[in-house]
Amino acid sequence: GREPGGKPFNHPSCSYIRAFTRTVCSTNMMGPCAWEDLGREPSKQLFLYLPLRTIWECRCASRGWKQLGCGSSMMQELWMGSLNGPQRSAAWKSLLLDGLPNSLPRRSQASYESLSETPSSYDATISRDVGRTLPREDLFRDTGGKGQRSLFRLLRAIAVHFWDVGYVQSLNFVVATVIGVSPDDEALVFSCVQALLFRHSLVDFYRPCFPKLGLTLWQFDRIVEGFLPKVHTALQRHGVTAEYYAMQWFLTLFAGDLPQSVVRRIWDRFLIAGWQVIVQVGLALLQEVESELVAFENCEVLTFLKRFARSRRFQPEELLRTASAFEVSHRMLSELEAAYRWEDSAEAELLIEGSKESNHRVRWVIQRRASPVPVPDGSFETPGEMPSTSALVHKTPLPSQKEAPLTVLPFLLHNLDTGETTVMEEEWGYFVTERHAEQTRKLVAPPAFRCGQHFFQRFLQGSQHQPPSNSTTGGCFWSQSRQQQALRGLATMAH
């Protein structure tokens, strides 16, 4: 219970080590002189007998322990990308299943065999999604092949076992990624997916109403504002939030957008360090296209954000190197989660001080935004002084509280058959044009954006009382009702 320097130390890993030491010394695991055999550094030798996850916890518990046991585990090799094939499979299994009862794998195998043969109400949906899951991967390319059969059985077993979740699109990519690492043991994949869903709280992404997804997207918007202010400004100008472009990233842990070679390297670090790795990779992707996002006009940015991760070729190590430069921590995520519970959570912002190119660690704080006050020239000024550093900080004026937020969500169409999301480009372009004209309060309206010109002309010709025809409309009842609400609002604004 003491650090190498002799200071008393309390940490869950310490109690684990003490209990483990008593167990080791009371058995013949290390012979009759167990403690003496540990040598001068007992804590270092104990790493030979601890699970990988506990080793990582111990390294994070104290600065003096960071180098302990480095040569005795696969953790460092997995982090650096030195493990492939069976070695990666063994490391993932250890990270996900270590610490669980020894009888669990046997029970899981028997349970999986039964669950995979149980018919489910989701079978038709699962069959449809299996055929379009990772079609470029050799394992899943052949219709009715080994990979597709395994994926169907596993998704059915999960849908039956997690009856309160069922089957949700995006789970197919998560399960397929685990199959790609352990293709010959479906029961092992089933156990690993269960552990993945619960040890990392991913199951809350897929429960009804998606309780964790809203928090995660809100956190990411705040983090983008703090670390990538230019990107945040460009997205805010177009009314785009993480709900539009990052939802698929987080639901699939990037497996739906990036090649499997890149996804596996991201997961290597995610299984070791947790959710902060996913956030860092999201920031790295946005930084790669920062200059393009700033230059895009209106609806072009929507299409670009949906497709750039799939169309570009990212080198795994280069992407992870860029991601690791963003000092996102679990403490930062925890405090943002607390701010999300504020009554006025929309007023929360993350301020970042310091540059990630410098040799100093960045400092950050989460605080409420200062209310902008009008100044004589008609603009807004934020009262108070910012911290005096070479800060990477950005503040943007807030719209009037009486004004509806500029968001693209009511203009999205979600195809339930293909899972694709598209935007009503003409309507959205006209809406943004009118909003900008209202905000600037000018008598002469600015020229309409290119993607909204035809819709604007139809309104001028007297067709504003009729909803615009769009051959792409469709989707569920909820999306259709939101579209009608948006169109009625546009008709009102045209008067």
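Me: What should I know about the numbering and the model before I start?

Reply: Residues are numbered from 1 along each chain as its sequence is written, and side-chain values use heavy atoms, with hydrogens and water left out. The model is predicted: local features need pLDDT of at least 70, side-chain atom pairs count only at pLDDT 80 or more, and totals for chains, interfaces and linings use all residues.

Me: How many aromatic pairs does the structure hold?

Reply: Rings of Phe, Tyr and Trp (its six-membered ring) pair if their centres lie within 6.5 Å; planes under 30 degrees apart count as stacked, over 60 as edge-to-face and the rest as tilted. The structure holds 16 such pairs. Tyr 245 and Trp 249 are edge-to-face, because their planes stand at 75°, with ring centres 5.6 Å apart. Phe 304 and Phe 308 are stacked, at 5.4 Å centre to centre and 15° between the planes.

Me: Are Phe 304 and Phe 308 buried or exposed?

Reply: Buried means under 20% relative accessible area, exposed over 50%, partly exposed in between (1.4 Å probe, protein chains only). Phe 304 is buried at 14%, and Phe 308 is buried at 1%. Tyr 245 and Trp 249 are buried too.

Me: Which residue has its charged end over the ring of Trp 275?

Reply: A charge sits over a ring if NZ of Lys or CZ of Arg is within 6 Å of the ring centre and within 35 degrees of the ring normal. Lys 212 has its charged end over Trp 275, 5.6 Å from the ring centre.
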